[in-house]
Amino acid sequence: MDDAPSHARTPSAFNKFILYENRLKFFLIASNAADSRHRIIKIDRTGGAGDALCVVEDEAEYSGKQMSAMLKMLDDGNRASGGLGRARVVFGIAGAAVVVRGFIRFTAGWYMILISKRSVVALLGGHYLYHCENTDIIPISFNHKVEKPAEEARLMNIFKQVDMSKNFYFSYTYDLTSTLQHNLTGAPRSDCSFNDRFAWNHHLLSAPFASADTPRLSPPWLLPLVHGHVDQAKLTVLGRVVFVTLIARRSRHFAGARYLKRGVNAEGNVANEVETEQIVAEALTTPFYYPAQAGRRPSPNYTSYVQYRGSIPIYWAQETTSMSPKPPIEISVVDPFYSAAAKHFDALFARYGAPVTILNLIKRREPVPRESKLLDEYTSCVREVLRNRKTQDVISYLEDIAEESIQMTGFFHSGPEPYSHFLQMQDTDEDPPPHRTSILLQNGICRTNCVDCLDRTNAAQFVLGKRALGHQLYALGVVESPELAFDSDAVNMLTEMYHDHGDTIALQYTGSALVNRVETYRHMPHWNSHSRDIIENIRRFYTNSLLDADKQTAINLFLGLPSASPSPTHPPARSGYRAWFDPAHLAQPYALPTCTAALEAFVRKGGGDYWVEYYRPLLFTSLGKHFAYSMNIQGVRRWMAAQPAQPDGKPAARTEQVAAAPESRALEYSTEAMAARHLDPVVEEDEEAEYQGYIDQCQDLLSALHTSGERKDREIYAGAVRTAAGLEHPCAEEDLTRYAAYVERGRTCYLDGRHGEGCAVRFDYGGWVAGVAG
């Protein structure tokens, strides 16, 4: 191997980081799981409070031997400033992880934010998804002089109010800010490697490198963090293992607390904007591909469905100064041209395509008009809105809407339709639809909203997810019909996932969990739901009245926004009144030919290089570490026979070594003989299970208490022993006659019809049984 460092051209799975520091510099080393590839960056610590951040990235990639020589050289070259210093390696539950999360500056110098602890929450296509468990904030400059220490401390405390150890997620090798469909079939982004809309640390990653003199760092140094919710559950259907993954991405635009962020801003960004993706995959192969004769082929076992929630895109607000649990709704700015709403829907067309289904859950009939004010304004804005009907079964009505929306937008499936569907259609339908041999794409989205986009919205999104789950399982060939019953195990599992999903989003927006759950809208509330609703309402009122102001200040500081965002005094002008959208955005963002070619290219280019890095299939391991090959059934019998019985009937622990086997049997336990026996095992599984049942039955009888049920078992066991000894005949006379006829049928019969005697039994079975019973 050449000693010169190589320049990396393919993405690497760098997932281990070590930080060295001295008085003058930081050195951050990135390594892969096999410790065979390394990279390094240098951060200058001598800059003043007003200086720009100086970060030097070495684009070369080093081997383990080369990196050891590099570290020795750096240690010798920095003796005057303390060498490399102590290595900072943090071991979490999942392993070592120190990742640069971003840089921040308040009134003086820069700070570096490190993720010091992580935990695995999901595995998607071989990519691990992590939850941020803990972070550390380290000052860059060693001679950090703060001119305003009180202001610096105040801003630091405000910044720490955004709890980075809750609901922040990241991945080293998977773009968590984008949907599965975009990651597999979408075109690569030219300006950024991730979707900055859902990267909450975008300001921390971009602000230090805003100057032209400071070049931007490349992955893996700066990782985008998604604020939201990630959950994964396993579903087994007749031996087929299916993983359901739920990912919620909260937008960083117009983010904030409940009563302080309402409606829409001038750029068309709405409050409480969350993108929810439901991924259903069958675990036949871990990665997004499977091996084929001509290289790799895309795995057809991945499906995805995306939906969206966001506040009503008009200018409205609620004043919290009156200390009312439900402040009145005020339409702050009347925009007759709905310019902000036009920008909002045009952006939805650009990101998701057409159609955009609007599911509006605002109340229409109220004793005192409150939400209906928004309904009238929103109806005038959209003109074609799905209105909430007053029916006894809201869920069944929403299911019809969900089915219609899924039929219009579709969902993502990475492979063709199972051929069994076509055969099934041929048997049941005279004119079956053609068999789908291509991938399936989602163009368009369902946008759901209520006033807070919490309780009613989460219930409606669950219904959408339930219908999508049926179609996803049907596309994978797991179920025979996309119709799923509400009380099935799969739907119950999905209900709990959406409850956690809704609780997390509600806690982030209002400070309390959901008040009304899916069971409430199904008219099946739990017995303690009323008291729980009261507690959650009190918690919301307390949080919104006393804590939201500080929370909003912390979020603005974290996202790099001004402390006050004034409302517009007049509606902004737009390009036209009829063509308020860009016609190019109405084209399908995901076209079938382009996406099919992109998926094939993704598989061919080696999108699974991380596979060898993470799972290390070439690592040398011994057979004894993975298989207990020396413990077979005969060995268990010999081991149990050699143990003296304890008073409770269980065999005692062995304290002496078993005598060595004779020389003639030594070859029987050689590696070759054991491997041959394991390749062709003698003991069947049913025999092993039967033998284990005998052992368990004997132990239970010996150690059982003298209860009525167990005495009956003892009597049955004793009767069986006496029967085997020939002391009694428990069978009735007709049973004996039937048994004799059965034995007579087993006698030898020749071709001419004559009957003869079978093989003579020379073994004295009765005497053997009597001896055993005695």
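Modeller: A cavity is a set of points, on a 1 Å grid over the protein atoms alone, where a 1.4 Å probe fits but cannot get out; its lining residues have an atom within 4 Å of a point. The model is predicted, so local features need pLDDT of at least 70 and side-chain atom pairs count only at pLDDT 80 or more, whereas totals for chains, interfaces and linings use all residues. Residues are numbered from 1 along each chain as its sequence is written, and side-chain values use heavy atoms, without hydrogens and water.

Biologist: What is the volume of the largest cavity?

Modeller: A volume is the space filled by probe spheres set on the grid points, which are joined across faces, edges and corners. The structure holds three cavities of 30 Å³ or more. For the largest cavity, the volume is about 70 Å³.

Biologist: Which helix gives the largest share of the lining of the largest cavity?

Modeller: The lining includes Val264, Pro313, Tyr338, Ser339 and Glu377. By class, it divides into nine nonpolar residues (Ala, Val, Leu, Ile, Met, Phe, Trp, Tyr, Cys, Pro), two charged (Asp, Glu, Lys, Arg) and one polar (the others, Gly among them). Helices here are DSSP runs (H or I, at least four residues), as strands are (E, at least two), numbered from the N terminus. The largest share, three residues at positions within 339–352, comes from helix α5.

Biologist: Which residue does a cis peptide bond join to Ala354?

Modeller: The residue lies in the loop between α5 and β18 (356–360). The omega of this cis bond is about 5°, and the partner of Ala354 is Pro355.

Biologist: Is Leu238 buried or exposed?

Modeller: Leu238 occupies the loop between β10 (226–237) and β11 (240–250), and its phi is positive, about 55°, although it is not a glycine. Buried means under 20% relative accessible area, exposed over 50% and partly exposed in between, with a 1.4 Å probe and protein chains only. Because its relative accessibility is 84%, Leu238 counts as exposed.

Biologist: What separation do the C-alpha atoms of Phe159 and Asn556 have?

Modeller: Phe159 belongs to helix α2 and counts as buried because its relative accessibility is 0%. Along the chain, Phe159 and Asn556 are 397 residues apart, yet their C-alpha atoms are separated by 9.2 Å.

Biologist: With which residue does Glu282 form a salt bridge?

Modeller: A salt bridge is a side-chain nitrogen of Lys or Arg within 4 Å of a carboxyl oxygen of Asp or Glu, and the structure holds 22. Glu282 counts as buried at 5% relative accessibility. Its closest N and O atoms with the partner are 2.7 Å apart, the partner being Arg240. This pair links distant parts of the chain, 42 residues apart, with Glu282 in strand β12 (residues 274–282) and, in strand β11, Arg240.

Biologist: Which residue meets Arg467 in a salt bridge of 3.0 Å?

Modeller: Arg467 is buried, with a relative accessible area of 9%. A network of salt bridges links Arg467 with Glu399, Glu403, Lys466 and Glu483. The partner at 3.0 Å, N to O, is Glu483. Arg467 is in helix α9 and its partner is in the loop between α9 (455–475) and α10 (489–510), so parts that are 16 residues apart in sequence are tied together by Arg467 and Glu483.

Biologist: In which helix does Leu547 lie?

Modeller: At 39% relative accessibility, Leu547 counts as partly exposed. Together with Tyr542 and Leu546, Leu547 forms a nonpolar surface patch with about 300 Å² of accessible area. Leu547 lies within residues 529–559, in helix α12.

Notes: Patch = residues over 30% accessible without salt bridge, like charges linked within 9 Å, V, L, I, M, F, W, Y side chains within 5 Å. Areas by Shrake-Rupley, 256 points an atom, 1.4 Å probe, with all protein chains shown as cover. 1 Å grid on protein atoms, 1.4 Å probe; cavity = no way out; pocket = protein on both sides within 12 Å on 5 of 7 lines; lining within 4 Å.
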